[in-house]
Amino acid sequence: MEFVIVHKGIKPYIALVELNRPGELNALNAQLVAELATALQELDQDEAIRVIILTGNNKAFAAGADIKEMVDKNAVEMLQYKQKDSWSQIRKIRKPTIAAVSGYCLGGGCELAMTCDMIIAAENAQFGQPEIKLGIIPGAGGTQRLTRAIGKAKAMELILTGRFISAREAESWGLINRVVPAGMHLEEALRLAGLITQQAPLAVQFAKDSINQTFETYLEEGLDAERKNASLLFATEDQKEGMRAFIEKRKPVFKGK
Ligand code: CAA
């Protein structure tokens, strides 16, 4: 892979996926997004991995979709743009994902961070959907995910003005989990991931699926889906282990089975 680096073994059960197109502030061209989708799908199948962290470099998580790649495309080409398939593959990852953000997190970059389940940001991070300044609108979920994350009024403000917000503002608006001092975002993401890796992996995946139903369904359907997921976990060895360990006053040993 040219634009994506996968690191394993930094901490048990955690994979770190690094966007690596620094000269263009990690602008998301079709190749990068395809490589990212492949890397994430492989990690989703890897039994040694329980949590995936996605990061960029200190200057940029990603400054958006690649404007140079899109500039001459027409509407039909955009509809058939193969990035679309990669984005829907990324959306379907079952394991929990954490975006560790430093620097610019804009346009498609902000949409990518929002596709992750949690976001940790360094103090120097900046978030925004500046597409309006290019005469377009977000095309990889920004109007939907940002609105669900921060509400209509604030999403309107960000998307209609294209202005950037600081990590502190993003935290107070509920877009991200928390802000940490510059340079500490990876450490904090690893700490958070470490807490999740101690839990029963299937329960973690079913919890993620159930939470995401909130955005896909009406309450009644969401509650049904949650009930099914919650019941299915009673078919796992980890449920027996977790409950027996509690009763026997010891730490559970989860196997992801
Ligand atoms: N696409 C392609 N190239 C990009 C890029 C992008 N989104 N963002 C930055 N780059 C390139 C620049 O062209 C520049 O390349 P050259 O050295 O070859 O000129 C290099 O990265 C460094 O960028 P700057 O010199 O502009 O760096 P800066 O520090 O002065 O400014 C910035 C940083 C404010 C982020 C500025 O680069 C910028 O405004 N970038 C574009 C942000 C944007 O509009 N993003 C939305 C894209 S559209 C989209 O994402 C659609 C969607 O919904 C999927």
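Which residues are exposed on the other side of α7?

**Before selecting anything**

The model is predicted, so local features need pLDDT of at least 70 and side-chain atom pairs count only at pLDDT 80 or more, while totals for chains, interfaces and linings use all residues. Residues are numbered from 1 along each chain as its sequence is written, and side-chain values use heavy atoms, with hydrogens and water left out. Helices (H or I, at least four residues) and strands (E, at least two) are DSSP runs numbered from the N terminus.

**Stop 1: helix α7**

Select residues 152-161, which form helix α7. Within this helix, A155, L158 and I159 are buried, a term for under 20% relative accessible area, with exposed meaning over 50% and partly exposed in between (1.4 Å probe, protein chains only). These three cover an arc of only 90° around the axis, which puts them on the same side of α7; the arc is that of the directions from the helix axis to the C-beta atoms. An α-helix has 3.6 residues a turn, so residues three or four places apart point the same way. Now turn to the other side of α7, where A153 and L160 are exposed.

Next, display α6 (142-150) and β9 (165-166), which are among the elements covering the buried residues of α7. Finish with G162, which follows α7 and has a positive phi, near 75°.

**Stop 2: α6 against α7**

Axes are lines fitted to C-alpha atoms, for helices over the stretch in contact, and angles run from 0 to 180 degrees between N-to-C directions. α6 passes α7 in a right-handed crossing. A crossing is left-handed if the near helix is turned anticlockwise from the far one by less than a right angle, and right-handed if clockwise.

To see the contact (heavy atoms within 4.5 Å), select G142, T143, L146, T147 and I150 in α6 together with K152, K154, A155, L158 and I159 in α7. By class, this contact of α6 with α7 has 5 nonpolar, 3 polar and 2 charged residues. Ala, Val, Leu, Ile, Met, Phe, Trp, Tyr, Cys and Pro count as nonpolar, Asp, Glu, Lys and Arg as charged, and the others, Gly among them, as polar.

**Stop 3: α5 against α6**

Select E111, M114 and T115 in α5, which meet G142, R145 and L146 in α6. The residues in the contact of α5 with α6 comprise 2 nonpolar, 2 polar and 2 charged.

**Stop 4: α1 against α4, and S86**

Move to α1 (30-45) and helix α4, residues 83-91. The axes of α1 and α4 come within 9 Å and cross at roughly 30°, which makes α1 roughly parallel to α4. α1 passes α4 in a left-handed crossing. On α1 the contact is made by A30, V33, A34, L36, A37, L40 and Q41, and on α4 by Q83, S86, W87, Q89 and I90. These residues of the contact of α1 with α4 divide into 8 nonpolar, 4 polar and no charged.

Is S86 buried or exposed? S86 is buried, with a relative accessible area of 7%. Leaving aside residues up to four places away in sequence, S86 touches V33, A34 and A37.

**Stop 5: two loop residues**

Most residues other than glycine have a negative phi. Select Y13, in the loop between β1 (4-8) and β2 (14-19); its phi is positive, near 70°. Y13 is partly exposed, with a relative accessible area of 36%. Then select L25, in the loop between β2 and α1, whose phi is also positive, near 55°. L25 is partly exposed at 24%.

**Stop 6: K255**

End at K255, in the segment after α12 (237-247). K255 counts as exposed at 56% relative accessibility. Not counting residues up to four places away in sequence, K255 touches R50, E237 and D238.

How values were computed: Angles under 35 degrees count as roughly parallel, over 145 as roughly antiparallel, 65 to 115 as roughly perpendicular and the rest as oblique.
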